[in-house]
Amino acid sequence: MPAETTRRSNRERIAARRAAEAAARARAERRRRNIRGGIVAGVVVLIALVVAIVVQTHRTSTSATAATPAHVVDGTVIVVGSTTAPVTVDLYEDFQCPNCKAFEAESGSTLAQLIAAGTVQAHYHGMAFLDTSANNAYSTRALNAAAVVLSTAGPDAFQAFHDLLYANQPAETGKGLTDEQLIEYAGQAGATGSAVQADIHDLTYGDWVKKSTDQASKDGVTQTPSVFVAGQPLTDISAAGLSAAVSSAAAG
């Protein structure tokens with residue numbers, strides 16, 4: 001083979017080898033970039049997950065030393081009525097909820113009669129999910145005030161305060177009742193004094209309000225009012241529907 005041909009052949013082989021080595025280096029570099037990218041992406045996802053957990057925990061958690069009002073059962077349930085009543089009626093309500101006001105206007109007096117007769121024990125599960133900046137977190141403030149009345153003056157005073165708040169419910173898009181108005185209604189229900197005023201102003205039971213609302217969610221409640229008679233959901237929440245369901249439950 002002529003020398004020139006041999007040199008050309010060697011150059012071609014060297015060039016081919018160098019091209020192959022360059023291609024191999026490029027593939028290796030791409031793999032390293034992919035690995036680094038995957039690690040970074042994994043770290044970002046992990047950070048996002050941790051942040052989400054922290055935010056969720058902060059949103060739903062309450063202090064272990066949070067104040068709990070007197071006269072509640074199982075930490076959040078407000079009980080009104082005789083312990084020997086044969087039928088339990090569970091009510092999930094928000095003081096700002098217009099449908100709850102409608103239910104109370106339609107069926108509240110019937111429920112009160114059933115409680116007075118010793119037929120029903122009412123279990124109130126307070127919720128506060130209709131807070132807005134416009135109403136100055138009225139749902140929370142109202143439920144806190146109800147807890148103050150309960151703790152200070154007992155279940156009968158709570159019931160009176162509960163009825164007053166629904167009878168005087170502010171417009172859904174309004175400013176909400178002021179703390180001074182809540183204090184006035186608390187006095188009408190039988191809870192008076194400087195401690196009542198301070199506890200309403202200071203949201204003493206604010207963490208308990210969060211706990212009660214969270215418990216309602218855990219109970220599977222997604223709307224207000226939600227009413228259960230002897231553990232069964234009440235679909236007809238009219239006065240007649242309530243009376244019929246209670247009669248059926250009492251009869252066994």
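**Exercise 1. Determine which residues Gln121 contacts, leaving aside its neighbours within four places in sequence.**

Solution. A contact requires heavy atoms within 4.5 Å. Leaving aside neighbours within four places in sequence, Gln121 is in contact with Val79, Val80, Gly81, Ser82, Thr83, Ala85, Val87, Thr88 and Val89. Strands (E, at least two residues) and helices (H or I, at least four) are DSSP runs, numbered from the N terminus. Then consider accessibility, where buried means under 20% relative accessible area, exposed over 50%, and partly exposed in between (1.4 Å probe, protein chains only). With a relative accessible area of 12%, Gln121 is buried. Finally, a polar atom of the Gln121 side chain lies 3.1 Å from the backbone oxygen of Ser82.

The model is predicted: local features need pLDDT of at least 70, side-chain atom pairs count only at pLDDT 80 or more, and totals for chains, interfaces and linings use all residues. Residues are numbered from 1 along each chain as its sequence is written, and side-chain values use heavy atoms, with hydrogens and water left out.

**Exercise 2. Classify the aromatic pair of Tyr92 and Phe228, then that of Tyr124 and Phe158.**

Solution. A pair of aromatic rings is described by the distance of the centres and the angle of the planes. Rings of Phe, Tyr and Trp (its six-membered ring) pair if their centres lie within 6.5 Å; planes under 30 degrees apart count as stacked, over 60 as edge-to-face and the rest as tilted. By this rule there are three aromatic pairs. For Tyr92 and Phe228, the ring centres are 5.9 Å apart and the planes stand at 75 degrees, so the pair is edge-to-face. This pair links distant parts of the chain, with Tyr92 in strand β3 (residues 87–94) and Phe228 in strand β5 (residues 226–229), 136 residues apart. Tyr92 is buried at a relative accessible area of 6%, whereas Phe228, at 22%, counts as partly exposed.

For Tyr124 and Phe158, the centres are 5.4 Å apart and the planes at 65 degrees, so this pair is edge-to-face. Tyr124 lies in strand β4 (residues 120–127) and Phe158 in helix α4 (residues 155–167), 34 residues apart. Both Tyr124 and Phe158 are buried.

**Exercise 3. Check the span of helix α4 and identify what covers its buried residues.**

Solution. The expected span of a helix is 1.5 Å times one less than its number of residues. For the 13 residues of α4 this gives 18 Å, and the end C-alpha atoms are 18 Å apart, which agrees. The buried residues of α4 are Ala157, Phe158, Gln159, Phe161, His162, Leu164, Leu165 and Tyr166. Their cover includes β2 (77–80), β3, α2 (98–116), β4, α3 (138–153) and α5 (179–189).

Conventions:
A polar contact is a pair of N or O atoms within 3.5 Å; within protein, one must be able to donate a hydrogen and the other to accept it, and residues adjacent in sequence count only if both atoms are side-chain atoms.
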